[in-house]
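Subject: Structure for your review

Dear colleague,

Please find below the structure that I am handing over to you.

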Amino acid sequence: MFRLCLLLLVAITSCSRAGRIIDAVSQTIGSTGDTQRGELLRGANDPPYGPTLVLPSGLRLEHLTQDAPLTASYPDPTALPFAGSRGDHYQRPEFFVDIPTLSAATRRARASRNFSLDEYVRLPDRNGDERCYVDPQIAQHVQDLRDAWGGPLILNSTFRSPRYNAAIGGAFFSRHMYGDALDVAIPDTRRARDFYNLALAIGVDFIDAFSNTVAADGSGWIHIDDRGF
Ligand SMILES: [Zn+2]
């Protein structure tokens, strides 16, 4: 029961759609990675991140920028409302992609086979953030989801700074601030259950419950993240 309550709390703090009842889903469906990818992604799971970012396409972003005020704006991981050991997954990020200095060519470059770096960067850019982060593991997982679905996917939400996350009423510990959460638009809400099941099967650390995927207006998205537990 304690574990159930914990999961419920984690689920409630995960996404930005306020006021909805979320029933937690805990799943550990198998890894999709081969050894090489596993090695590539090991250590990229959790903040604090290093000065080099290697995305699933092999795209390398060197000399990521440090931004002490931004780092300091993150929640204190020791103030987590849930189990203490999980604070390890909420260390304040120390290195960020500096959006204004990205060339157009770099923004167009592939982050994975079917997703450009720009698809991760343009949302924080539009929201007034000059820094962002892209977790390689979630970038691989959304590529896996795209492969499983067999058609284009649209990312509705990628990185959010703590400032922007607070402005839109996001969860205090939203994984979007750590660059390992994505909201993915459901391509066809009539097949929302199929899409959701595919998302479950790709093996992310956390996915919101199905009841939180389709809005009253008929639009829909799912929140996936690789929070590390
Ligand atoms: Zn989300």
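The notes that follow describe what was found, beginning with the whole chain and ending with single residues.

Please bear in mind that this is a predicted model. The protein chain contains eight helices and 10 strands. Of its 229 residues, 36% are buried.

In soluble globular proteins, nonpolar side chains tend to be buried together. The largest nonpolar core of this model has 33 residues, and the members that touch the most others are Cys 132, Val 134, Ala 199, Ile 222 and Ile 224. Two or more residues of this core come from each of helix H5 (118-126), H6, strand E8 (181-185), H8, strand E9 (206-207) and strand E10 (221-225). The element that gives the most is H6, with four residues. Leaving aside residues up to four places away in sequence, Ile 224 touches Ile 138, His 141, Leu 182, Val 184, Ala 199, Val 204 and Ile 207.

Two packed helices are described by the angle between their axes and the distance between the axes. For helix H6 (residues 136-149) and helix H8 (residues 192-201), the axes come within 9 Å and cross at roughly 135°. H6 is therefore oblique to H8. Their crossing is right-handed. At the contact, Leu 145, Ala 148 and Trp 149 of H6 meet Phe 195, Leu 198, Ala 199 and Ala 201 of H8. These contact residues comprise seven nonpolar, no polar and no charged.

Helix H5 has the buried residues Glu 119, Tyr 120, Val 121, Leu 123 and Pro 124. They pack against strand E3 (97-98), helix H4 (104-108), strand E4 (110-112), strand E5 (115-116), strand E6 (131-132) and E7. Just after H5, Gly 128 adopts a positive phi of about 90°.

Lastly, I draw your attention to Gly 151, which is located in the loop between H6 and strand E7 (155-157). Is Gly 151 buried or exposed? Gly 151 counts as exposed because it has 8 C-beta neighbours inside 10 Å, and 12 or fewer is the cut-off for that class. Gly 151 and Pro 187 are 36 residues apart along the chain, and their C-alpha atoms are separated by 8.6 Å.

Yours sincerely,

A colleague

Key. Residues are numbered from 1 along each chain as its sequence is written. This is a predicted model: local features need pLDDT of at least 70, side-chain atom pairs count only at pLDDT 80 or more; totals for chains, interfaces and linings use all residues. Axes are lines fitted to C-alpha atoms, for helices over the stretch in contact, and angles run from 0 to 180 degrees between N-to-C directions. Angles under 35 degrees count as roughly parallel, over 145 as roughly antiparallel, 65 to 115 as roughly perpendicular and the rest as oblique. A crossing is left-handed if the near helix is turned anticlockwise from the far one by less than a right angle, and right-handed if clockwise. Two residues are in contact if their C-beta atoms, placed from the backbone, lie within 7 Å. Ala, Val, Leu, Ile, Met, Phe, Trp, Tyr, Cys and Pro count as nonpolar, Asp, Glu, Lys and Arg as charged, and the others, Gly among them, as polar. A residue is buried if 20 or more other C-beta atoms lie within 10 Å of its own, exposed if 12 or fewer, and partly exposed in between; C-beta atoms are placed from the backbone. A nonpolar core is a set of buried Ala, Val, Leu, Ile, Met, Phe, Trp, Tyr and Cys residues joined through C-beta atoms within 7 Å.
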